[in-house]
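Work through the exercises below with the sequence and the model side by side. Try each task before reading its solution.

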Amino acid sequence: MEEFELSEQCRQGKNRARKELYEQYAGRMLGICLRYTGDRDTAQDLLHDSFIKIFDSFDKFTWRGEGSLRAWMERVVVNTALQYLRKNDVINQAASLEELPEEYEEPDASDVEAIPQKVLMQFIEELPAGYRTVFNLYTFEDKSHKEIAQVLGINEKSSASQLFRAKTVLAKRVKEWIMNNG
């Protein structure tokens, strides 16, 4: 079923379309949940909650062309994950920029490309919750530090600090992986 037809049938509450929507997108949406939680059980719970929200709010979805359904669903999933993180106060890792080293050694792009995507995603999942959340919002959702601060209820310096720390940890993990597997 094409995306537009699928969205229209889901809007009408047709279970066959809902099942197809779930089967088609659940894997991708679970990946987003894992990126934010780092925990498979929690990610699966969030995926379930997200699909309930998606099915209950199709009246708010507006078709804007191919890919708009997936983009809308991804926003619902990200917002569900962020809501969970705020509710459980996992974004409490604030550090001042003065405590951080001035720079870190960023790995070469070719080195990073040599690492399997699954391994890179595992590195992201293993980041502390605050680092992981800021990294995801900045890198994958293209949010500014000001927007991240508003969404998470932290100040912009905390957002910048956590992004820097996330990149530092990831750069170290990439370097170690390359030394052991490259």
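The model is predicted, so local features need pLDDT of at least 70 and side-chain atom pairs count only at pLDDT 80 or more, while totals for chains, interfaces and linings use all residues. Residues are numbered from 1 along each chain as its sequence is written, and side-chain values use heavy atoms, with hydrogens and water left out.

**Exercise 1. The overall fold**

Task: describe the secondary structure, the dimensions and the burial of the protein.

Step 1. Count the elements: the protein has 9 helices and 0 strands. Helices (H or I, at least four residues) and strands (E, at least two) are DSSP runs, numbered from the N terminus.

Step 2. Take the box along the principal axes: the C-alpha atoms fill roughly 55 × 40 × 30 Å.

Step 3. Sort residues by relative accessible area, where buried means under 20%, exposed over 50% and partly exposed in between (1.4 Å probe, protein chains only). Of the 182 residues, 41% are buried.

Step 4. Look at contacts, meaning heavy atoms within 4.5 Å. Among those between residues at least 6 apart in sequence, 69% join residues at least 24 apart.

**Exercise 2. The annotated segment**

Task: find the residues that UniProt assigns to a domain, and give their helix content.

Step 1. The unreviewed UniProt entry places "domain: RNA polymerase sigma-70 region" at residues 21-89. UniProt positions are in the numbering used here, feature names are shortened, and annotations may be inferred rather than shown by experiment.

Step 2. Over residues 21-89 the chain is 78% helix and 0% strand.

**Exercise 3. Two pockets**

Task: compare the linings of the largest pocket and the second largest pocket.

Step 1. On a 1 Å grid over the protein atoms alone, a pocket is an open set of points where a 1.4 Å probe fits, with protein on both sides within 12 Å along at least five of seven lines; lining residues have an atom within 4 Å of a point.

Step 2. The largest pocket holds about 400 Å³ and is lined by 18 residues. Nearest its centre are Val112, Leu120, Phe135, Leu170 and Val174. H6 provides the largest share of this lining, 5 residues, and H5, H6, H7 and H9 each supply at least two.

Step 3. The second largest pocket holds about 200 Å³. Its lining consists of Leu34, Arg40, Gln117, Lys118, Met121, Gln122 and Glu125, and H6 gives the most, with 5 residues.

Step 4. Classify the residues: Ala, Val, Leu, Ile, Met, Phe, Trp, Tyr, Cys and Pro are nonpolar, Asp, Glu, Lys and Arg charged, and the others, Gly among them, polar.

Notes. Grid points are joined across faces, edges and corners, and a volume is the space filled by probe spheres set on the points.
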